[in-house]
Amino acid sequence: MSRPAPAPARELLLAPIEPAGAVEQVVRRIGEAIGAGVLAPGERLPGQVELAETLGVARMTLRQALAVLEDAGLLEVRRGRTGGAFVAAEPPPPALDPPTAEQLRALTDWRRAVSGEAAALAAERRTVGELTALRAAAAAVEAAAGDAVAFRRADARFHVLVAELSRSRRLVAAEVNLQVELGEVLAITPGPARARRVSQAGHGPIVTAIETSAAAAARTATIRHVEATHDWVRGLARGLRQRGR
């Protein structure tokens with residue numbers, strides 16, 4: 001039996017994406033395309049209408065992703081008749097080596113297991129009185145989106161609180177360790193304010209599922225949130241790692 005011909009790299013990297021975590025996936029796709037050299041320095045990306053149709057996302061989703069990539073220094077967005085989104089000629093190098101794809105995947109898989117199960121148990125075991133603290137923690141993350149340090153602290157606190165609501169000491173300990181490791185990754189990976197605002201939006205479905213005691217939905221929402229973080233970190237890190245060499 002003959003094997004199908006491999007698709008061109010550009011076709012693979014710019015194929016339609018899944019609707020969940022769409023902004024983060026667009027960031028990942030374009031960041032990887034830049035890192036792999038599929039999109040060359042100074043190259044103009046397709047127009048927003050064409051690119052949105054190619055990726056299968058709404059133009060608003062695409063604009064958010066392009067803004068994140070621009071803030072990270074991977075793209076230059078120019079206005080006017082000859083404007084558009086262009087791959088930056090010289091993106092800023094990362095302060096330290098960002099995580100490899102394998103390292104980030106391993107961390108994400110562990111987060112899926114720990115954070116996902118913690119959220120599911122929290123939905124089953126939380127008390128009504130604890131929901132106020134959970135909502136406040138989510139609101140604190142949203143309010144801190146403009147400050148990277150405050151955001152990281154608030155975001156970690158939110159996820160640790162979810163673990164605390166699971167009533168599992170081991171899950172709490174594992175979540176704390178995860179947040180320490182994730183903090184190290186985020187400290188050396190560009191996280192523009194736009195990316196933080198997109199990321200914190202993933203907390204809403206988690207809170208709703210826990211509020212309604214929907215364990216399966218809480219697990220699913222958490223896994224989607226974790227995978228979304230993986231996508232935008234990998235996209236930005238890959239683009240800077242390869243282009244900085």
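Started at the strands: Leu-75 stands opposite Val-87 in β2. I kept in mind that this is a predicted model.

**Entry 1, the hairpin.** I looked up what surrounds that pair. Strand β1 covers residues 75-78 and strand β2 residues 84-87; the two run antiparallel and are joined by four bridges. Together β1 and β2 make a hairpin, with five residues between them.

I went through the elements next. I count 11 helices and two strands in the chain. Written from the N terminus on, the order is α-α-α-α-β-β-α-α-α-α-α-α-α. Then I looked at burial: of the 245 residues in the chain, 50% are buried. I also checked the contacts between residues at least 6 apart in sequence, and 74% of them join residues at least 24 apart.

How do helix α5 and helix α7 pack? I have α5 at residues 101-125 and α7 at residues 148-165, with an angle of about 55 degrees and axes 7 Å apart. I noted the crossing of the two helices as left-handed.

Which residues make the contact? From α5 I listed Arg-111, Ala-118, Ala-119, Leu-121, Ala-122 and Arg-125. From α7 I listed His-159, Val-162, Ala-163 and Leu-165. Sorting the residues of this contact by type gave me seven nonpolar, one polar and two charged.

Most residues other than glycine have a negative phi, so I noted the exceptions I came across.

- Arg-167 has a positive phi, near 65 degrees. I found Arg-167 in the loop between α7 and α8, the latter being 169-187. Buried or exposed? With 42% relative accessibility, Arg-167 counts as partly exposed, because that class lies between 20% and 50%.
- Ser-213 is not a glycine either, yet its phi is positive, about 60 degrees. I placed Ser-213 in the loop between α10 (203-211) and α11 (215-243). Its relative accessibility is 42%, so I put Ser-213 down as partly exposed.

Note on methods:
Residues numbered from 1 in each chain as written. Predicted model: local features only at pLDDT ≥ 70, side-chain atom pairs only at ≥ 80, totals over all residues. Heavy atoms only, no water. Axes fitted to C-alpha atoms, helices over the stretch in contact; angles between N-to-C directions. Left-handed = near helix turned anticlockwise from the far one by under 90°. Contact = heavy atoms within 4.5 Å. Nonpolar A, V, L, I, M, F, W, Y, C, P; charged D, E, K, R; others polar. Pairing = 2+ DSSP bridges. Buried < 20%, exposed > 50% of the residue type's maximum accessible area, 1.4 Å probe, protein only.
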